[in-house]
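Colleague: Please show me the model and take me through its local details. I will ask about single residues and pairings.

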Amino acid sequence: MFSKVARNSSKFISARKFSAEQMEKTAFYDLHLSLGGKIVPFAGYSLPVQYEGLGVLKEHVHTRSETGASLFDVSHMGQIKWHGKDALAFVEKMVVGDIASLKVGEAKLSLVMNEQGTIMDDTVICNAGDHLYMVVNGACKWKDMDHFKQYMKSTGMDVQMEYLGDQQLLALQGKGAVNVVRKLAPTVDFAKLNFMSGLTATVAGIPDCRITRCGYTGEDGFEISVAYNRAVELANALLEFPEVKPAGLGARDSLRLEAGLCLYGNDLDETINPVEAALTWTIGGPKSRRRLEQGFLGAEKFLEKDGKLKAQAKKRVGIAGMKAPARGHTEVFSEDGSKKIGEITSGGFGPTLGKPCAMGYVETAHSKDGTVVQLNVRGKLIPAQITKTPFVETSYYKPV
């Protein structure tokens, strides 16, 4: 889950508008500077894009290494607790996923919807027992909460939204992450903590940390929610391990692209529905409860009454095979170059893949795997192919 503030940031942030002078700082700001972080504005916060002596490429490669782990500051993201008798019913009205089926500790990726049937945000929601724990994108959190408040008022449901503004969030990503966190949280049985599940535990002597086995890199890893006044203490404890290195926004973007994961503001926005985005798996299969019962905002816009998907004019696809990187807004043409059929939404060089890769939307008739297309890169058409994602093999934890 990752978001970008678009050029017209008011499209994504309704409650607050930021200038360079108004950027908020996370608890780790001074630590970033001491580690050589190059600070840039992102989602209303001052965050590191890369670190001196490392850089995007080295940070990316370290995250994918066999024993390494990279530490990302993702405290700009919005953390929310949902309480009340109707909390579950309300959240299921707001998102597409089957949240009711989650057992205590289980989590899933879902989509926040509007009445037009398009995507307001992507989110991870966990059944935390006495409440639902939700994490939304930093660039979207204020408009998301305004949206939630509107429906809390109009529905009159017994539900309370608690924004955890003082909680910070660290993401430790990579195959070496589990060995580090295991030593700092010895009471947790990590062999039984599956990917997309979480719990509350003491980490590095800090009580009440929320550990979720998830991330947005394609690797095994954890997001750890920690109180603001203990946050730097936790980061330092993690960085004491030689296999842990800091990483910034640049590496997080190249990692998620290789993993075929969407960036909100690029690959998803309020003009795109789940069918077009190839994200109907977040709703469930053809006979699943949410496909049949629906009940979430805008369902009728892209689902038939029997749960079948309505035909769409375009579809999100992976694109590879080009000799040069194709960035966002690159035009996609048919094989003979006679017709524009779509546009790249995310693209660049994949360090692990060893070649360029991209995602974008093309006309559905041209979306089949293996279809040859032409990309308009700096005024010259270069051939490429529609391909499945992810571009590299993922390493999400699977119990033996």
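What follows is a set of questions and answers on this predicted model.

Colleague: Which side chain of opposite charge is nearest to glutamate 223, and how far away is it?

Modeller: Glutamate 223 lies in strand E13, residues 221-227. It is buried and has no salt bridge. A salt bridge needs a side-chain nitrogen within 4 Å of a carboxyl oxygen. The nearest side chain of opposite charge is arginine 252, at 4.8 Å.

Colleague: Where is glycine 215, and which residues does it touch beyond four places in sequence?

Modeller: Glycine 215 is in the loop between strand E12 (206-212) and E13. Its relative accessibility is 14%, so it counts as buried. Not counting residues up to four places away in sequence, glycine 215 touches Gln173, Phe195 and Glu223.

Colleague: How far apart are the C-alpha atoms of glycine 215 and leucine 33?

Modeller: Along the chain, glycine 215 and leucine 33 are 182 residues apart. Between their C-alpha atoms the separation is 24 Å.

Colleague: How many aromatic pairs are there in the whole structure, and why is the pair of tryptophan 82 and phenylalanine 90 called tilted?

Modeller: A search of the whole structure gives 6 aromatic pairs. In the pair of tryptophan 82 and phenylalanine 90, the ring centres are 5.4 Å apart. Planes under 30 degrees apart count as stacked and those over 60 as edge-to-face, the rest being tilted. The planes here are at 45°, so the pair is tilted.

Colleague: Are tryptophan 82 and phenylalanine 90 buried or exposed, and which residues form a cluster through ring pairs?

Modeller: Tryptophan 82 and phenylalanine 90 are both buried. Ring pairs also bring in a further residue, and the cluster consists of Trp82, Phe90 and Phe148.

Colleague: What kind of pair do tryptophan 142 and tyrosine 163 form?

Modeller: The two ring centres of tryptophan 142 and tyrosine 163 are 5.3 Å apart. The pair links distant parts of the chain, with tryptophan 142 in helix H4 (residues 141-155) and tyrosine 163 in strand E9 (residues 160-163), 21 residues apart. Tryptophan 142 is buried at 14% relative accessible area, whereas tyrosine 163 is partly exposed at 28%. The planes are at 65°, so the pair is edge-to-face.

Colleague: Which ring does the charged end of arginine 213 sit over?

Modeller: The charged end of arginine 213 is 3.8 Å from the centre of that ring. The ring belongs to tyrosine 397.

Colleague: Why is strand E3 described as largely enclosed, and which strand pairs with it in the antiparallel sense?

Modeller: Strand E3 (residues 45-51) has 5 of its 7 residues buried, so it is largely enclosed by the rest of the structure. Strand E1 (residues 24-25) runs parallel to E3, joined by 2 bridges. Over 6 bridges, the antiparallel partner of E3 is strand E2.

Colleague: Which residues does the cis peptide bond join, and what is omega?

Modeller: Most peptide bonds are trans. Proline 390, in the segment after strand E20 (380-387), is joined to threonine 389 by a cis peptide bond, with omega about 5°.

Technical notes
Residues are numbered from 1 along each chain as its sequence is written. This is a predicted model: local features need pLDDT of at least 70, side-chain atom pairs count only at pLDDT 80 or more; totals for chains, interfaces and linings use all residues. Side-chain values use heavy atoms; hydrogens and water are left out. Buried means under 20% relative accessible area, exposed over 50%, partly exposed in between (1.4 Å probe, protein chains only). Lys and Arg count as positive and Asp and Glu as negative; His and the chain ends are not counted. Rings of Phe, Tyr and Trp (its six-membered ring) pair if their centres lie within 6.5 Å; planes under 30 degrees apart count as stacked, over 60 as edge-to-face and the rest as tilted. A charge sits over a ring if NZ of Lys or CZ of Arg is within 6 Å of the ring centre and within 35 degrees of the ring normal. Two strands pair if DSSP finds at least two bridges between them. Contact means heavy atoms within 4.5 Å.
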